[in-house]
Amino acid sequence: MTKSSTASPKKGLIQTIYQEIKTLLLGFSQVFLLQSTLSGALILVGLFCNSWQLALLALLGCLVSRSAASLWRDTEQEIADGLYGFNGTLVGIALGVYWEISWLSILLLVVGAALSTWLARACRRHAQLPGLTAPFIIAVWALLLVSMLAPERMGLLDTAAQLEEGAPLWRMLGVALGDSVGQVMFQANVLTGLFFFLAIAWESRRKALYTLLGVFIPMLAIPFVPETVWREGLLGYNAVLCAIYWAGTSERSLRYAVVSVVLSVLIELLALYAGLIPLTAPFVLSVWVVWLWSRRRQLAIAKR
């Protein structure tokens with residue numbers, strides 16, 4: 001056996017491992033509508049800064065989602081681009097936030113991540129609207145409903161927020177601004193939010209500027225909402241995603257971003273006051289509304 005024949009399988013294995021790591025990191029970056037392996041690495045580091053358990057669950061969710069997608073032959077390039085990783089990543093984190101970590105919750109994670117992958121493929125093949133994080137939302141809502149109806153709630157946790165009392169207003173505002181980015185992945189941690197912002201800025205300074213737009217506009221609602229709502233960044237995380245989605249160079253992009261951000265805040269507040277768990281539904285719904293509006297406007301201009 002020659003040296004070249006023994007080196008070839010080894011080289012192939014290294015290339016396969018490299019590609020799998022790249023796919024996982026792209027899956028993490030796609031949560032923020034990015035496509036950069038370094039951005040994905042920064043996001044993963046940010047997760048570990050807040051909770052190594054949630055970071056591992058995110059990795060597991062991404063792996064399950066990627067593996068489920070490989071069952072279809074027409075998803076190879078989409079898998080490589082990380083498009084079948086981000087919904088599973090979010091499902092994995094959600095399981096660590098809303099359920100006690102146990103073998104049962106791990107099973108729920110596998111089911112939820114696989115379900116989100118099937119829904120994501122259905123959206124990409126058949127839906128007229130962008131799927132975004134809708135598969136993650138539907139999968140987690142389904143798991144929450146099943147758990148609430150099951151005996152002993154299947155390890156479902158009471159997620160009432162424990163907030164620090166007596167902190168200065170300036171500090172609370174700073175925490176809220178950082179958490180607005182961190183809460184995209186359920187992370188109420190300023191350092192984590194900073195890593196996420198760096199991940200966005202690494203790929204696109206324009207998207208980073210739009211992120212700031214999505215952070216600051218919801219702060220205008222502070223005088224009209226309870227402190228417990230904005231202190232944890234709950235006003236801003238959907239707005240951040242809306243702003244990144246519409247990030248562009250034209251005045252029209254800016255207008256769409258502002259409208260989408262405002263809509264997401266209103267939907268978020270309605271959901272919270274109704275006692276619902278909105279997840280990223282305000283982001284998806286507001287983008288869909290503006291997307292349909294933009295398409296209708298384009299058709300009207302084309303008919304002139």
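Contact here means heavy atoms within 4.5 Å. This is a predicted model, in which local features need pLDDT of at least 70 and side-chain atom pairs count only at pLDDT 80 or more, while totals for chains, interfaces and linings use all residues. Residues are numbered from 1 along each chain as its sequence is written, and side-chain values use heavy atoms, with hydrogens and water left out.

Asn87 belongs to helix H5, residues 86–98, where helices are DSSP runs of H or I with at least four residues, numbered from the N terminus. Asn87 is buried, at a relative accessible area of 3% (buried means under 20%, with a 1.4 Å probe and protein chains only). Leaving aside residues up to four places away in sequence, Asn87 touches Ser116, Ala120, Leu132, Thr133, Pro135 and Phe136, and its side chain reaches the backbone nitrogen of Phe136 at 3.1 Å.

H5 and helix H6 (103–126) each supply at least two residues to the lining of the second largest pocket, an open set of points on a 1 Å grid with protein on both sides within 12 Å along at least five of seven lines, whose lining residues have an atom within 4 Å of a point. H6 gives the largest share of this lining, 3 residues.

UniProt, in an unreviewed entry, places the feature "transmembrane region" at several spans, including 103–120 and 180–201; such annotations may be inferred rather than shown by experiment.

| Residues | Helix | Strand | Distance between end C-alpha atoms |
|---|---|---|---|
| Residues 103–120 | 100% helix | 0% strand | 26 Å |
| Residues 180–201 | 68% helix | 0% strand | 16 Å |

Technical notes: Buried means under 20% relative accessible area, exposed over 50%, partly exposed in between (1.4 Å probe, protein chains only). A polar contact is a pair of N or O atoms within 3.5 Å; within protein, one must be able to donate a hydrogen and the other to accept it, and residues adjacent in sequence count only if both atoms are side-chain atoms.
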